[in-house]
Every structure is written in C-alpha cells, then in structure tokens.
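Work through the exercises below with the sequence and the structure open side by side, and try each task before reading its solution.

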Amino acid sequence: GWQMYKDRYIYPAIFHFAEDGISIEFPDFPGCLPCAFSLEEAMKNAREAMALHLYGMEQDGEILPEPTPITHLQSNEHQAIVLIEVWMPPFRDEMEQRAVKKTLTIPKWLDDLALEHQVNFSHLLQDALKKYLGVNEKQ
C-alpha cells in the first residue's frame, strides 16, 4: 500500500557541469545517477530518475531516507545544488498501467475466425484474465 508513503517528495540533487554535459547525483540515493546535455533536460531526467528510484523503493517496502539538508551539502564552482520535486500519483499510475507484451499461441483456424470478426486480442485477453482472476478494474 501507498499509505506509508507520501505523494510529494523533495530531495536535493547535485548537478555537475562538464564540457560534455551534466551529470546528476542524489546524496540520498547512491545508485541514482541520471545525466543530460541541457539544464532543461537535466531537470526532467533528474525528476524521472528520482521518481523511478522512489517507486522501486516503495515497491520493495523500503524506508525512504530523510532528505539531506542542503546546508550539509558542499558544491564547487562546477556544481549546483538543486531541489528536485516529484509528485508521485501520476507516475505510480503510469508504472502500474505500463503494458507488458505477451507472446502466445492459438490454433490458426481460431486466429482466422477472430480476425474475421475483428477481435481485439489485447482487450479480450485482459477481460478474460480479469474475469478468471476475479479482479476489478483497479487492484
């Protein structure tokens, strides 16, 4: 459940400016290292990477760290400390709705008949699975 998690997070990121672009690190998320070519792209990539990282932690039921106060962070002349804000609900929805491709086999005659009747295989399979598993639209 999302109950233990917040919908809005703000964490500091350190943008490193170099000749070949901007690398980004999050003091609170060591493995999260997006990069970009422009400042605009850096903001977008930082937000997406952070949301993905947070989502993964939420899925694993991890305790989220307290954001490091920016007063505790040092930056040099080629760096900037930027607060990255993420609003999670739409991101969570998108991740949960993300389609998965399935490959399956059915007899040719059935396929021909279905195509003749313009069956939407994806919808039919989704509906059949929901019925079979006894689930409603949203879990």
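**Before you start.** Glutamate 48 is partly exposed, with a relative accessible area of 43%, where partly exposed lies between buried (under 20%) and exposed (over 50%), using a 1.4 Å probe and protein chains only. The model is predicted, so local features need pLDDT of at least 70 and side-chain atom pairs count only at pLDDT 80 or more, while totals for chains, interfaces and linings use all residues. Residues are numbered from 1 along each chain as its sequence is written, and side-chain values use heavy atoms, with hydrogens and water left out.

**Exercise 1.** Find the residue with which glutamate 48 forms a salt bridge, and state where the two residues lie.

*Solution.* Begin with the rule: a salt bridge is a side-chain nitrogen of Lys or Arg within 4 Å of a carboxyl oxygen of Asp or Glu. The partner of glutamate 48 is lysine 44, and their closest N and O atoms are 3.7 Å apart. Next, locate the pair: both residues lie in helix 1 (residues 39-59), four residues apart, which is about one turn of the helix. Helices (H or I, at least four residues) and strands (E, at least two) are DSSP runs, numbered from the N terminus. Finally, check the cover of lysine 44, which is partly exposed at a relative accessible area of 46%.

**Exercise 2.** Describe the salt bridge between arginine 8 and glutamate 85, and say which parts of the chain it ties together.

*Solution.* The closest N and O atoms of arginine 8 and glutamate 85 are 2.6 Å apart. Because arginine 8 lies in strand 1 and glutamate 85 in strand 4 (residues 79-87), the pair ties together parts that are 77 residues apart in sequence. For accessibility, arginine 8 has a relative area of 44% and is partly exposed, and glutamate 85 is likewise partly exposed, at 36%. As a further step, look at tryptophan 87, which is 79 residues from arginine 8 in sequence but has its C-alpha atom 4.6 Å from that of arginine 8.

**Exercise 3.** How many salt bridges does the rule give, and which residues are linked in a network?

*Solution.* The count comes to six salt bridges. Asp7, Glu58 and Arg92 are linked in a network. Another salt bridge joins glutamate 94 to arginine 98, with closest N and O atoms 3.3 Å apart.

**Exercise 4.** Which residues do ring pairs link into a cluster?

*Solution.* Rings of Phe, Tyr and Trp (its six-membered ring) pair if their centres lie within 6.5 Å; planes under 30 degrees apart count as stacked, over 60 as edge-to-face and the rest as tilted. There are four aromatic pairs in the structure, and the cluster consists of Tyr9, Tyr11, Phe26 and Phe29.
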